[in-house]
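Please look through the structure below while reading. The paragraphs after it take up a few helices, strands and charged residues in turn.

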Amino acid sequence: MPSVLPEGEAAPPDGSLPDHARAEVAGQPLSIYLHVPFCTTRCGYCDFNTYTASELGPQPGASRLGYADTAIAELDLAVRVLGDQAPPVSTIFVGGGTPTLLPPDDLGQLVAAAHDRFGLASDVEVTTESNPESIDAAGLVRLRERGFNRISFGMQSAVPHVLATLDRVHSPGRPQQAVAEAKAAGFTSTSLDLIYGTPGESLADWETSLDAAVAAEPDHLSAYALIVEDGTKLAGRIRRGELAMTDDDDLADKYLLAEQKLTAAGYSAYEVSNWSRSTETRCRHNLAYWRGQTWWGVGPGAHSHVGGVRWWNVKHPAAYAARIDAGASPAYARELLSEADRRVERVLLELRLADGLDLAVLTGTERRRIPDLVARGSAVLTDDRLVLTLTGRLLADGVVRDLLD
Ligand SMILES: C[S@@+](CC[C@H](N)C(=O)[O-])C[C@H]1O[C@@H](n2cnc3c(N)ncnc32)[C@H](O)[C@@H]1O
Ligand code: SF4
């Protein structure tokens with residue numbers, strides 16, 4: 001089962017926000033995240049808030065069937081809370097779980113509901129994640145017709161034994177074929193997710209996966225180091241000694257290989273784990289998170305952020321539906337970020353971006369640490385911004401620790 005939620009302070013039952021947070025709504029782009037908490041099977045490494053049909057059982061409110069209506073009712077709450085000053089939506093991201101387990105028309109209904117309630121910016125980015133096994137060419141055409149223009153497929157690896165360790169079910173070549181089908185359907189941006197550092201994956205295996213991903217010519221690629229999450233089947237196998245944990249040197253070699261291969265193929269890293277073929281095909285939704293803008297997360301376990309207030313919804317789909325049906329906010333708890341918290345987050349997130357961090361965000365003592373970071377080859381200064389080098393990207397969290405007061 002997915003991991004537990006943080007505690008935080010009580011969230012008001014009507015979802016209301018302090019005035020200082022509402023005051024920031026008009027001046028920031030608005031993003032909407034829609035969580036779809038359903039998967040056919042659970043991959044052994046995954047602790048996302050998602051449930052198989054057998055995990056959910058016949059509980060009221062937990063079915064896929066009524067999910068779109070429940071999620072739309074949370075959009076109504078968002079309209080009440082954000083008020084008239086909310087701008088048209090800049091980005092929508094449907095994630096999961098496996099969003100494409102819902103019929104394309106249900107996903108389209110969610111986009112239409114956001115349109116009706118907030119309006120959509122003329123250049124709105126509308127993404128869905130997809131397990132490539134859960135969609136076909138006709139479904140992709142339907143999604144495109146219903147307003148989606150970006151799609152991100154979970155590929156993870158092209159190597160059968162690696163996929164088997166991850167408990168991933170893929171017919172050979174399906175993720176690459178899905179990219180071709182999405183392009184034919186008219187998606188303006190396609191993306192593939194890869195994972196490196198699976199136990200038993202060699203450098204040659206990783207190279208095979210990178211080559212296969214690049215050959216599909218997506219506009220965008222994400223490559224994540226495998227996180228062994230407590231409580232997953234994979235963690236259990238490692239604990240019992242059935243699989244060996246990947247060491248940091250191996251992860252570093254694989255990151256460097258990704259950078260080398262992807263750069264050679266015309267991609268450039270705009271965030272530590274994300275590469276894009278052009279500025280236009282960067283994921284604007286993720287950039288909104290990394291830049292601390294406004295986003296409303298709809299669905300069980302979804303997180304939101306408005307003007308320094310962060311809240312997260314109850315996790316279970318049945319508990320979530322019960323709150324919504326009762327006309328209450330589904331928020332489980334919230335956190336009011338101080339100016340100091342927000343500054344630290346900015347450093348943490350913006351330093352991971354290729355555009356770097358505005359030096360004005362740093363204190364005097366922090367700025368005095370920069371020459372040392374530069375001398376060590378971890379960062380460079382460009383136009384009053386601190387930008388990580390490739391060495392710095394390998395050690396991004398450590399660089400942030402060394403920099404901050
Ligand atoms: C929520 S999944 C969405 C895609 C879809 N559910 C699928 O798996 O095909 C988003 C991405 O997170 C990454 N991910 C999930 N669990 C991870 C883990 N434990 N370590 C590293 N990356 C992970 C995978 O690359 C996955 O494609
Ligand atoms: S399909 Fe995606 S969300 Fe579902 S269990 Fe696998 S990795 Fe997790």
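Aspartate 253 is found in helix 10 (residues 248-264). With a relative accessible area of 42%, aspartate 253 is partly exposed. Together with Asp247, Asp248 and Asp249, Asp253 forms a negative surface patch. The model is a predicted one.

Helix 3 covers residues 67-82, and its 16 residues should span 22 Å at 1.5 Å a residue. The end C-alpha atoms of helix 3 are 23 Å apart, which agrees. Among the buried residues of helix 3 are Tyr67, Ile72, Glu74 and Leu82. Glycine 83 follows helix 3, and the phi of glycine 83 is positive, near 75°.

Valine 124 sits in strand 3 (residues 120-130). Valine 124 counts as buried because its relative accessible area is 14%, and buried means under 20%. The C-alpha atoms of valine 124 and proline 88 are 8.9 Å apart, although 36 residues separate the two along the chain.

Salt bridges come next. The whole structure has 28 of them. One joins glutamate 335 and arginine 310, with 3.1 Å between the closest N and O atoms. This pair links distant parts of the chain, since glutamate 335 is in strand 12 (residues 331-336) and arginine 310 in strand 11 (residues 309-313), 25 residues apart. Glutamate 335 is partly exposed at 32% relative accessible area, whereas arginine 310 is buried at 17%.

Arginine 346 is partly exposed at 35%, and glutamate 350 is buried at 7%.

Methods. Residues are numbered from 1 along each chain as its sequence is written. Chains are lettered from A and ligands numbered from 1 in the order in which they are written. This is a predicted model: local features need pLDDT of at least 70, side-chain atom pairs count only at pLDDT 80 or more; totals for chains, interfaces and linings use all residues. Side-chain values use heavy atoms; hydrogens and water are left out. Patches are made of residues with over 30% relative accessible area and no salt bridge: like charges are joined within 9 Å, nonpolar side chains (Val, Leu, Ile, Met, Phe, Trp, Tyr) within 5 Å. Accessible areas come from the Shrake-Rupley method with a 1.4 Å probe; for residues, only the protein chains shown count as cover. A salt bridge is a side-chain nitrogen of Lys or Arg within 4 Å of a carboxyl oxygen of Asp or Glu. Lys and Arg count as positive and Asp and Glu as negative; His and the chain ends are not counted. The place of a charge is taken as NZ of Lys, CZ of Arg, CG of Asp or CD of Glu. Helices (H or I, at least four residues) and strands (E, at least two) are DSSP runs, numbered from the N terminus. Buried means under 20% relative accessible area, exposed over 50%, partly exposed in between (1.4 Å probe, protein chains only). The expected span of a helix is 1.5 Å times one less than its number of residues.
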